[in-house]
Amino acid sequence: MINYRGNKLSVENKYVLKIAKNNQTPFYLYSAKAIKDNFEQFCRVFKKINPLICFSVKSNSNPKILRILKGLGAGADVVSGGELLKVLNAGISPKKIVFSGVGKSTDELKMAIKRKILLINAESYSEIALINKLSKSSKRKTSIGLRLNPDIDAKTLGKISTGRAVDKFGLSRKKLIEVCKNLKEFKHIELNSLSVHIGSQILSDIPFKKTLKVIEEIIRKTKTHFKFIDLGGGFGISYSSKEKRIKLNNYSNLVNKFKKKYNCNIIFEPGRAIIGNTGILVSKIQYIKNSISKSFVIIDAGMNDFMRPALYGAYHSIVPLIKSKSQSMKNLEFVGPICETSCKFSSYKKYYKIKEEDYVAILDVGAYGSVLSSNYNTKPLPAEILIDKNHVKIIRKRQSLSEIIKN
Ligand code: LLP
């Protein structure tokens, strides 16, 4: 969906250069077809299981994109009152919404209780007590899940690992078993699920398989029948030729056996696997500055527009919108305009011929791209554009300077 036609980068059948000439850079550009294909591919892999797929809204919360996913049958995994309102506005049924997070506020919990969402995945004893208290005052019984911290290392970046005992998420096995035993004291809670999420950008199925074993142990020890087992998200994608997209067929068979054995419904919460490779960030080269050891290619997108490289040292490939025939040997470093050394993107030893005022695209920025953008250095939020059935649609307008300086 996002590839070269001849030497011109295209999204679906549109030349990106043409869009770049008509819109102020930097901007995010997505392919609706790629989103649909990824979602359908995910459904296909887990077809036998017939899971509820709750798209992880933190990865991309553009309302138009949420509506596309709703149309494909997705539910939503939300982590704030704002995300909850966004998905309800997109028309996603409360019965397909799960709410995770270690620090849900009282107001956020009230909102979720009122809307009767499928599950509030509770992460501490105090949170369960609060949900119980709030449900009692609104004369309700609230459906909850318990989030387990299985103490499993997902072997991903430390900053996006969530399933080790040292990570803040979930209840330890011991605590969770204890909570299950004492749950009767909470009359306004209905325990319907056990949930896990061990991290993000996981490229091997081994940690997932290990997690299933821990879940079995919990079911055995608590003698509880969970109506739902929420296996979270975390499925990795390939950002470079070194990283191979995770293969899920084997895991799917295992989950299928598990489902039959324990007679439960399965929930997944993928974000990156659905949206990651469906978007690019288009940017213009402002200056090329030569130093002793390398050339800095200063583009107009910065860490305010796209944080992953600065935040995690994440690699994202950068490609020219028009590919020259030959490449030259030169140390190039793509950097942005923000006044921080970490406002830099990828480096190359060999690159296509480029010059000032040419355009480039940072690839695979659909997940955790636009959602992490900020007004740092008082820069406006970039536009988001979607190619959908041959149409170029602006799905978020570029913020104007007057909007930012108002407050
Ligand atoms: N479920 C829960 C409870 C989560 O915390 C997350 C992500 C997901 C599902 C979706 O994970 P995914 O399928 O997208 O891997 N900003 C970081 C990633 C943070 C992930 C946080 N939680 C990055 O840019 O890599």
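Which residues in H4 meet which residues in H5? This is a predicted model, and I will start with that contact. On the H4 side we have Gly 81, Leu 84 and Leu 85, and they meet Glu 108, Met 111 and Ala 112 in H5. Sorted by class, the contact of H4 with H5 has four nonpolar residues, one polar and one charged.

Now the geometry. H4 covers residues 81-89, and its axis lies 9 Å from that of H5, at an angle of about 30 degrees. Angles under 35 degrees count as roughly parallel, so H4 and H5 are roughly parallel to each other.

Next, the other partner of interest. Helix H5, residues 106-114, also packs with H6, here at an angle of about 55 degrees and with the axes 10 Å apart. That makes H5 oblique to H6. The crossing of these two helices is right-handed. From H5, the contact uses Thr 106, Leu 109, Lys 110 and Ile 113; from H6, it uses Glu 127, Leu 130, Ile 131, Leu 134 and Ser 135. By class, that gives five nonpolar, two polar and two charged residues.

Last, H7, residues 173-182. Its buried residues include Leu 176, Ile 177, Val 179 and Cys 180. Looking down the axis of H7, the buried residues fall within an arc of 160 degrees, so they line one face of the helix. Lys 174 and Lys 181 are exposed, on the other side of H7.

Key. Residues are numbered from 1 along each chain as its sequence is written. This is a predicted model: local features need pLDDT of at least 70, side-chain atom pairs count only at pLDDT 80 or more; totals for chains, interfaces and linings use all residues. Side-chain values use heavy atoms; hydrogens and water are left out. Buried means under 20% relative accessible area, exposed over 50%, partly exposed in between (1.4 Å probe, protein chains only). Helices (H or I, at least four residues) and strands (E, at least two) are DSSP runs, numbered from the N terminus. The arc is that of the directions from the helix axis to the C-beta atoms. Axes are lines fitted to C-alpha atoms, for helices over the stretch in contact, and angles run from 0 to 180 degrees between N-to-C directions. Angles under 35 degrees count as roughly parallel, over 145 as roughly antiparallel, 65 to 115 as roughly perpendicular and the rest as oblique. A crossing is left-handed if the near helix is turned anticlockwise from the far one by less than a right angle, and right-handed if clockwise. Contact means heavy atoms within 4.5 Å. Ala, Val, Leu, Ile, Met, Phe, Trp, Tyr, Cys and Pro count as nonpolar, Asp, Glu, Lys and Arg as charged, and the others, Gly among them, as polar.
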